[in-house]
Amino acid sequence: MFVLTYLGRELRHRSRQATLVAAGLAVGVGLVLTTTAISAAVGDAQNAVLHTLDGVGTDIIVTAKPPADSHGDAGATSGLDAGGASGSGLSVDGGAVMDSSTVDAVAKLAHVDGVADSLVLSEVSPPPAGSDAIPASTRIDGIDVTRLGLGPAAAGTLRSGRFLSQSDARGAVAVVDTQHAASHRLRVGSTIIVVGIPFAVVGIVDQPAGSGAASVYLPLAAARQLPAGRSFPTLAGKVSTIYVSASTAADVSTVETELAALLPSTALTSSRDLAEAVSGSLASATALAHDLGTWLTVGVLLTTVVAASLLTLSSVTRRTRELGTLKAIGWTSQRVITQIMAESGAVGLVGAALGIAIGYAGIGLVNAGTPVLTATVDHGAGTGTGTGSAHSLAIRLNAHTDPGTIAAATLLAITAALLAGTLAAWRTTRLRPAHALAKVE
């Protein structure tokens with residue numbers, strides 16, 4: 001009880017020094033919280049943009065690509081077939097396909113966590129007779145309903161009905177995008193015609209604006225049965241795109257190397273490649289948040305520790321006579337050090353509380369004053385074909401923090417205060433009572 005009473009008295013008696021140390025810690029904690037919140041917001045925004053290109057959870061996209069000589073020997077293409085638009089108005093995106101056995105080979109790689117495959121098609125509809133309108137193109141994605149969870153289809157939000165499931169593997173059903181449904185007056189229960197074949201609409205999904213995702217999703221088996229024209233005598237057992245997720249983020253490069261060795265005649269697009277395809281103010285903000293955030297955080301940490309150490313050391317130096325008296329009346333060095341460390345810890349807690357308040361205020365100012373950022377994405381980067389179109393997206397940052405960050409910031413303030421107290425306490429171990437009592441405060 002005496003220790004707590006003495007602790008409270010000393011903090012009140014030396015409130016100016018304690019306030020200065022706590023204020024320094026609070027500013028450091030507030031800046032760290034604000035900086036990390038901005039970095040997190042920029043990271044979330046970039047991930048949202050990348051998901052419009054590769055879908056949720058995708059690390060690497062594998063796409064078939066036509067060989068240099070598309071009319072060469074079929075055996076030289078390593079299972080890839082080349083082609084273009086067919087007479088039926090249906091074409092394979094990128095003009096090339098892979099055997100479905102490729103998917104199983106990719107799934108067996110040691111560092112691969114999951115795969116999903118699809119057959120991406122485009123149907124070109126001619127304009128009405130006598131119309132000057134350009135032909136309309138509809139992107140159709142045949143997805144493997146036994147391998148859901150990766151790819152652009154995973155980024156959609158169901159608005160009505162249901163999404164495709166394993167029970168639809170052989171069904172003539174379809175899920176359509178909200179914009180496509182609105183322009184064609186479709187709803188759940190409607191019938192959509194794809195190259196003359198009817199499909200029942202079982203769901204409508206809302207997809208990120210400008211994502212370049214498919215307008216129509218079909219079961220992969222149904223997509224393979226569509227008339228492919230002379231370029232592809234049959235689409236049976238074929239896929240055009242494979243979405244791959246690595247076991248961990250550190251394994252992405254390893255998986256990319258393994259895929260390059262396994263599939264030398266395919267195009268590989270990693271998350272890093274997709275990030276490089278994003279331009280605009282969001283890309284600039286990402287680079288700035290990464291570089292400035294790192295150096296600012298390090299600088300704030302060092303400055304906070306140094307400032308707290310100097311202020312605490314100065315305070316202890318002024319208490320030489322007091323500490324000498326305590327040792328003269330029987331206080332051991334350990335008890336004096338404990339007292340100083342307790343005072344430092346209390347100041348650290350106060351500084352952490354004030355710093356958290358400053359951090360939340362800074363986050364609020366950032367959310368209120370940050371302008372809308374833009375990101376221009378090249379969908380050719382996502383398909384591996386290089387022929388996609390570019391779209392601009394408006395991104396509003398949402399700076400936020402979490403309990404883990406707050407706990408780390410609190411620990412930071414207390415640690416900085418205790419480090420400062422440790423230096424001051426070390427000084428007291430060299431203090432001789434007779435010498436200290438000769439000092440005049």
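Visitor: How many salt bridges does the structure hold?
Guide: This is a predicted model, where local features need pLDDT of at least 70, side-chain atom pairs count only at pLDDT 80 or more, and totals for chains, interfaces and linings use all residues. Residues are numbered from 1 along each chain as its sequence is written, and side-chain values use heavy atoms, with hydrogens and water left out. A salt bridge here means a side-chain nitrogen of Lys or Arg within 4 Å of a carboxyl oxygen of Asp or Glu. By that rule, the structure holds 6.

Visitor: Which residue does D104 meet in a salt bridge?
Guide: D104 sits in helix 3 (residues 101-107), and its partner is 43 residues away, in the loop between strand 6 and strand 7 (157-161). Helices (H or I, at least four residues) and strands (E, at least two) are DSSP runs, numbered from the N terminus. The N to O distance is 2.9 Å, and the partner of D104 is R147.

Visitor: What is the distance between the closest N and O atoms of R147 and D117?
Guide: R147 lies in the loop between strand 6 and strand 7 and D117 in strand 5 (residues 112-125), so this pair ties together parts that are 30 residues apart in sequence. D117 is buried at a relative accessible area of 5%, while R147 is partly exposed at 25%. Buried means under 20% relative accessible area, exposed over 50%, and partly exposed in between (1.4 Å probe, protein chains only). The closest N and O atoms of R147 and D117 are apart by 3.8 Å.

Visitor: Which residues are linked with R147 in a network of salt bridges?
Guide: R147 also forms a salt bridge with D144, with closest N and O atoms 3.4 Å apart. D144 counts as buried, at 13% relative accessibility, whereas D104 is partly exposed at 39%. Besides R147, the network takes in D104, D117 and D144.

Visitor: Which residue of strand 11 is the bridge partner of G142?
Guide: Strand 6 (residues 136-143) runs parallel to strand 11, with 4 bridges joining them; two strands pair if DSSP finds at least two bridges between them. Within strand 11 (residues 216-219), V216 and L218 point one way and Y217 and P219 the other, and all are buried. The partner of G142 is L218.

Visitor: Is H180 buried or exposed?
Guide: H180 has its place in helix 4 (residues 178-183). Leaving aside neighbours within four places in sequence, H180 is in contact (heavy atoms within 4.5 Å) with T138, L186, I192, S215 and V216. At 9% relative accessibility, H180 counts as buried.

Visitor: Which exposed residues does helix 6 carry on the face turned away from its buried side?
Guide: In helix 6 (252-262), the buried residues are V252, V255, E256 and L259. Seen down the helix axis, these fall within an arc of 100 degrees (using directions from the axis to the C-beta atoms), so they line one face of helix 6. The face turned away carries T257 and A261.

Visitor: How far apart in space are A249 and D59, C-alpha to C-alpha?
Guide: A249 is in the loop between strand 13 (241-246) and helix 6, and A249 is exposed, with a relative accessible area of 72%. In sequence A249 and D59 are 190 residues apart, but in space the C-alpha to C-alpha distance is 8.3 Å.
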